[in-house]
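Please look over the sequence and the model before reading on.

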Amino acid sequence: MSTHAQLPVGFEALETKGWIGSRRYLLLRRASQLFFLALFLTGPLFGFWIAKGTLAGSLTLDILPLTDPLVALQSIAAGHWLTATALTGALIVLAAYVLLGGRAYCAWVCPINPVTDAAHWMHRRLDLPKGWQPKRSARYWLLGTVLAASFASGTIAWEILNPVTMVHRGLVFGLSAAWLVVATVFLFDLFVSRRGWCGHLCPVGAFYGLIGKTSILRVSAPKRAACDDCMDCYAVCPENQVISPALKGSPGTSPIILAGDCTNCGACIDVCAQDVFRFTHRFDGRLAEPPSQFAAEQSAASLMHKE
């Protein structure tokens with residue numbers, strides 16, 4: 001392991017890229033999450049309705065229908081066939097995430113993501129033990145259970161407990177029960193299971209992960225030869241098992257992260273001082289030429305001069 005791994009996570013990126021450059025995608029994700037919340041809150045707060053409904057199903061500007069595909073699937077399982085408007089909305093959302101990456105929903109839209117990120121940040125600051133780590137396949141079992149429950153009950157079962165929907169209801173109607181659910185997720189990730197909710201249990205993330213297997217937008221490691229084994233990308237990635245095949249693959253293997261579990265959050269791009277990672281598409285398997293010996297020596301000399 002590189003001696004760089006002994007430095008605080010993100011230290012090299014901060015020194016190389018500056019404060020904003022080393023948090024670019026984090027700042028963009030927070031802006032995106034606030035934007036989607038604002039679309040729904042302008043109506044109840046200011047009387048100007050941009051989007052009516054919740055992330056489960058909405059109508060934007062009284063024109064564009066959007067339906068969560070998992071909600072649509074639960075509705076079908078429950079024996080309630082979709083209206084043409086709801087089906088159109090589900091297909092629009094499905095097409096968007098096939099393009100952008102299914103679990104981009106988790107990193108760029110879901111309002112629970114800042115909660116679990118905050119829990120992870122505090123978990124690291126307090127240096128707490130990793131805790132209980134259920135198998136990542138548990139979320140797929142829960143997804144199957146959700147669909148089976150919808151079939152058996154004739155209802156859209158998950159929406160009764162879905163923290164995302166409850167957050168929306170809490171923001172609009174001030175429901176105290178919604179904040180209890182949010183607090184439970186935060187405390188679970190903080191004290192019981194590091195990155196436990198999103199990384200191991202959430203059935204919504206499991207569903208979008210299945211969509212993500214075929215998505216177009218991808219993170220790639222074209223400069224993996226420049227990797228100095230600082231391990232920062234593994235430290236910040238919410239699904240760090242997806243990194244190794246692209247970053248540490250044998251010669252001739254693709255540098256593209258193809259796993260559906262990747263959230264396309266861009267954290268690995270932010271934290272990498274060597275600029276190993278970047279966004280691209282799934283058909284771009286190009287690798288950058290490894291740095292020449294002269295360039296490597298010059299870089300090392302420059303670093304020693306700064307020190």
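This is a predicted model: local features need pLDDT of at least 70, side-chain atom pairs count only at pLDDT 80 or more; totals for chains, interfaces and linings use all residues.

Which residue of β3 does Leu59 stand opposite? Leu59 stands opposite Pro65 in β3.

**The hairpin of β2 and β3**

β2 and β3 run antiparallel to each other and pair over four bridges. Together they make a hairpin with three residues between the two strands. Within that turn, Leu61 has a positive phi of about 55 degrees.

The side chains of Asp62 and Lys52 meet at 3.1 Å, N to O. Because Asp62 lies in the loop between β2 (57-60) and β3 (64-67) while Lys52 belongs to strand β1 (residues 51-54), the pair ties together parts that are ten residues apart in sequence. Asp62 is exposed, with a relative accessible area of 53%, and Lys52 is partly exposed at 38%.

**Salt bridges**

The count of salt bridges in the model comes to twelve. Three of them are listed below, among them the one just described.

| Salt bridge | N to O distance |
|---|---|
| Asp62 and Lys52 | 3.1 Å |
| Arg103 and Glu239 | 2.6 Å |
| Arg139 and Asp261 | 3.1 Å |

The side chains of Arg103 and Glu239 form one of these salt bridges. This pair links distant parts of the chain, 136 residues apart: Arg103 is in the loop between α4 (84-100) and α5 (104-108), and Glu239 is in the loop between α12 (232-236) and α13 (244-247). Arg103 is buried, with a relative accessible area of 2%, and Glu239 is buried as well, with a value of 1%.

Arg139 lies in helix α7 (residues 138-153) and Asp261 in the loop between α13 and α14 (267-271), so the pair ties together parts that are 122 residues apart in sequence. Both Arg139 and Asp261 are buried. Through shared partners, salt bridges join Arg103, Arg136, Arg139, Glu239 and Asp261 into one network.

Helix α7, which holds Arg139, has 16 residues and reaches 22 Å from its first C-alpha to its last, close to the 22 Å expected at 1.5 Å a residue. Which residues of α7 are buried? They are Ala138, Arg139, Leu143, Val146 and Ser150. These residues cover an arc of only 145 degrees around the axis, which puts them on the same side of α7. An α-helix has 3.6 residues a turn, so residues three or four places apart point the same way. On the other side of α7, Trp141, Phe151 and Ala152 are exposed. The buried residues are covered by elements including α3 (69-77), α10 (196-201) and α11 (203-212). After α7 comes Gly154, whose phi is positive, near 70 degrees.

Helix α6 (residues 113-125) has 13 residues and reaches 18 Å from its first C-alpha to its last, close to the 18 Å expected at 1.5 Å a residue. Its buried residues are Asn113, Val115, Thr116, Asp117, Ala119, His120 and His123. Just after α6, Asp127 takes a positive phi of about 55 degrees.

In soluble globular proteins, nonpolar side chains tend to be buried together. The largest nonpolar core of this model has 49 residues, of which Tyr105 and Phe277 touch the most other members. Leaving aside neighbours within four places in sequence, Phe277 is in contact with Val219, Ser220, Ala221, Cys233, Ile243, Leu247, Cys268, Ile269 and Cys272.

Thr280 is found in strand β5 (residues 278-281). Is Thr280 buried or exposed? Thr280 is buried, with a relative accessible area of 10%. Not counting residues up to four places away in sequence, Thr280 touches Ile216, Leu217, Arg218 and Ser220. Thr280 and Leu217 are 63 residues apart in sequence, yet 6.0 Å apart in space, C-alpha to C-alpha. Ser220 is in contact with Phe277 and is also touched by Thr280.

Definitions and conventions:
Residues are numbered from 1 along each chain as its sequence is written. Side-chain values use heavy atoms; hydrogens and water are left out. A salt bridge is a side-chain nitrogen of Lys or Arg within 4 Å of a carboxyl oxygen of Asp or Glu. Buried means under 20% relative accessible area, exposed over 50%, partly exposed in between (1.4 Å probe, protein chains only). The expected span of a helix is 1.5 Å times one less than its number of residues. The arc is that of the directions from the helix axis to the C-beta atoms. Contact means heavy atoms within 4.5 Å. Two strands pair if DSSP finds at least two bridges between them. A nonpolar core is a set of buried Ala, Val, Leu, Ile, Met, Phe, Trp, Tyr and Cys residues joined through side-chain atoms within 4.5 Å.
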